[in-house]
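Hello,

Here is the structure I promised to pass on to you. Have a look at it first, and then read on for what turned up in it.

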Amino acid sequence: FQTPEGILPRDEFVEVERLGKNRCRLPVELREQVYDEFLQYQKYLQDQQLWDDCDRVRHLLLRMKHATKHDPDAFAQVQRSKVYVDEVQDYTQLEILLFFYLSGPNGLFLAGDPAQSVVEGTEFRFEEVRGVGHFVGSVIQKPKTVNVNFRSHSGILNCAGGVLDLMFTHFPSSAKQLKKDKGLFQGSRPGVLLGTSIDQLNILLGDKLKGAVVLTHDESARHCRRLLNDYKFVYGVREAKGLEFKTVIILDFFREIPSSLQKPWRELVLGRATQDFEHSYPLVATFLKLLYTGVTRCIEKLFFVETKSSTAGDASMRWLTKQVAGRASYATRNNINDVEAMSMTSDEFISEGINNAELAQAAVDLDQSQMLLERSIWCFEQTDIIELAAKARIHYSSVLFRLEIQVPYDEKSSNDLAVIEMRAAQLMESLTKEGLFFEVLNIFSSMTPFLSEYAKEELEKRFIRKIRLAGREE
């Protein structure tokens with residue numbers, strides 16, 4: 001950020017004396033090669049006239065610095081007296097610097113868990129926050145630690161603690177070691193189901209475990225959703241971070257660890273890892289963080305399900321169910337026929353449906369909105385509240401319409417435009433009746449390129465102003 005072009009010079013990146021092992025966990029012998037790849041990436045961005053998240057945040061910071069000197073009134077409009085940031089471990093140093101600029105030296109409150117630093121492109125340590133504070137001349141208070149967990153019971157937290165033990169023992173530089181969480185309530189240990197077929201899991205999800213959330217690797221979520229008959233509650237672990245669910249199934253997590261890490265993972269969980277394990281297999285720390293994040297999404301009932309045998313999976317099942325001196329096993333081996341009914345109640349389905357509908361409303365990406373609304377509709381269909389399902393379907397239809405008209409304007413014929421205007425009018429009427437005023441405004445915004453100046457002005461004057469006013473009153 002301090003260099004003219006916003007790029008760290010090669011020598012500062014490559015030399016471990018300048019960029020230490022804790023700040024950049026890439027092995028020293030790979031840094032030259034990585035920097036070459038980065039230069040190719042930069043050339044591609046320049047050739048294609050593109051920008052990425054780092055460029056965006058850097059330009060925001062530069063414009064804010066410029067405004068503080070040359071246009072303080074403009075800067076005052078964006079500055080806030082207090083800024084509260086959750087999941088701070090997901091942000092880069094540059095983004096944290098943006099929070100400092102927005103809040104001033106004493107108006108920033110940060111909360112996070114370094115053991116859940118699973119967003120690609122970030123490697124969070126609380127020391128990074130202190131470094132940013134020093135850069136802006138702010139004195140940072142010593143972090144306060146919260147060890148009482150208000151979400152999960154002791155059975156789940158003990159299992160999560162076992163994962164943390166592996167992380168802190170073998171990857172001491174991956175996250176600052178904190179005291180383990182304590183639950184307010186006792187609860188049952190997670191269950192282990194080894195060799196469960198997809199067909200058997202489909203039956204469970206349609207009966208005893210109806211409404212349970214299935215967590216898997218983010219790259220596999222779409223495929224798993226298809227295997228489970230388009231089951232709506234399939235999430236990638238990263239996608240589910242920050243959320244909580246009554247019943248969770250962690251599906252094929254160990255089997256889908258990359259083949260190159262299957263044996264190292266086995267050595268790790270069976271207590272046979274060597275002293276240079278962190279240096280030899282740094283990527284294993286990421287999978288430990290993903291596992292910890294997945295376990296801690298659960299409130300009441302957790303299952304590890306492995307559909308097929310694997311090196312990492314078999315070893316993990318032994319590790320989870322092994323009793324050692326001084327403590328019980330982290331999990332119990334279950335028979336699929338003995339799984340108790342853990343179906344969600346009607347009220348819980350309604351609550352989850354509303355949560356997904358609200359997330360869809362806030363989502364910027366239309367494909368993400370579509371998926372969230374599909375989940376919402378499915379939840380409402382499990383209850384007898386047909387009005388909520390109908391409302392979600394209208395919202396869903398509107399999102400599909402906005403996806404459909406993303407084709408550039410010059411590719412539309414006059415007949416296409418007439419049909420688009422008619423469908424938009426019908427949807428806006430239905431959305432207004434349901435009180436979905438925010439989505440009316442979304443359609444109007446999406447339709448703007450297709451409307452004449454006269455049509456836009458008339459719609460704004462006769463209809464959209466009233467919708468905006470109704471939305472504010474709500």
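**What was found**

The accessible surface of the chain comes to about 26,200 Å², and 51% of that surface belongs to carbon and sulfur atoms. Please keep in mind that this is a predicted model.

**The chain as a whole**

There are 20 helices and 10 strands in the chain. Its radius of gyration is 26 Å, close to the 23 Å that the globule rule gives for 474 residues, so the chain is as compact as a globular protein of that length. Along the principal axes, the C-alpha atoms fill a box of roughly 80 × 60 × 40 Å. Of the 474 residues, 43% are buried. Taking the contacts with a separation of 6 or more, 71% are between residues 24 or more positions apart.

**Helix H2**

Which residues of H2 are buried? They are Arg-31, Tyr-35, Gln-42 and Leu-45. Seen down the axis of H2, these buried residues fall within an arc of 75°, so they line one face of the helix. They pack against helix H1 (10-14) and helix H3 (53-70). After H2 comes Gln-49, which has a positive phi, near 55°.

**Helix H15**

**Helix H16 and Leu-366**

H16 has 16 residues and reaches 22 Å from its first C-alpha to its last, close to the 22 Å expected at 1.5 Å a residue. Its N-terminal end is capped by Asp-365, which has a side-chain oxygen 3.3 Å from the backbone nitrogen of Asp-367. The buried residues of H16 include Leu-366, Met-371, Leu-373, Trp-378 and Phe-380. What covers the buried residues of H16? The cover includes helix H9 (221-227), strand E7 (234-236), helix H10 (237-240), helix H15 (346-362) and helix H17 (386-404).

Leu-366 is in H16, which spans residues 366-381. Is Leu-366 buried or exposed? With a relative accessibility of 11%, Leu-366 counts as buried, since buried means under 20%. Leaving aside neighbours within four places in sequence, Leu-366 is in contact with Val-399, Arg-402, Leu-403 and Gln-406. One of these, Leu-403, is 37 residues from Leu-366 in sequence, and the two are 6.7 Å apart in space, C-alpha to C-alpha.

**His-395 in helix H17**

His-395 lies in helix H17 and counts as buried, at 4% relative accessibility. Setting aside neighbours within four places in sequence, His-395 is in contact with Ala-357, Gln-361, Leu-373, Leu-431, Leu-436, Phe-438 and Glu-439. With Glu-439 there is also a polar contact between side chains, at 3.5 Å. As for Glu-352, it is 43 residues from His-395 in sequence and 16 Å from it in space, C-alpha to C-alpha.

**Ser-310 in a loop**

Where is Ser-310? Its place is in the loop between strand E9 (298-306) and helix H14 (311-321). Ser-310 is buried, with a relative accessible area of 12%. Its side chain reaches the backbone nitrogen of Gly-313 at 2.9 Å. Not counting residues up to four places away in sequence, Ser-310 touches Phe-254, Arg-255 and Gln-262.

Methods:
Residues are numbered from 1 along each chain as its sequence is written. This is a predicted model: local features need pLDDT of at least 70, side-chain atom pairs count only at pLDDT 80 or more; totals for chains, interfaces and linings use all residues. Side-chain values use heavy atoms; hydrogens and water are left out. Buried means under 20% relative accessible area, exposed over 50%, partly exposed in between (1.4 Å probe, protein chains only). Helices (H or I, at least four residues) and strands (E, at least two) are DSSP runs, numbered from the N terminus. The arc is that of the directions from the helix axis to the C-beta atoms. Contact means heavy atoms within 4.5 Å. The radius of gyration is taken over C-alpha atoms; the globule rule is 2.2 Å times the number of residues to the power 0.38. Accessible areas come from the Shrake-Rupley method with a 1.4 Å probe; for residues, only the protein chains shown count as cover. A polar contact is a pair of N or O atoms within 3.5 Å; within protein, one must be able to donate a hydrogen and the other to accept it, and residues adjacent in sequence count only if both atoms are side-chain atoms. The expected span of a helix is 1.5 Å times one less than its number of residues.
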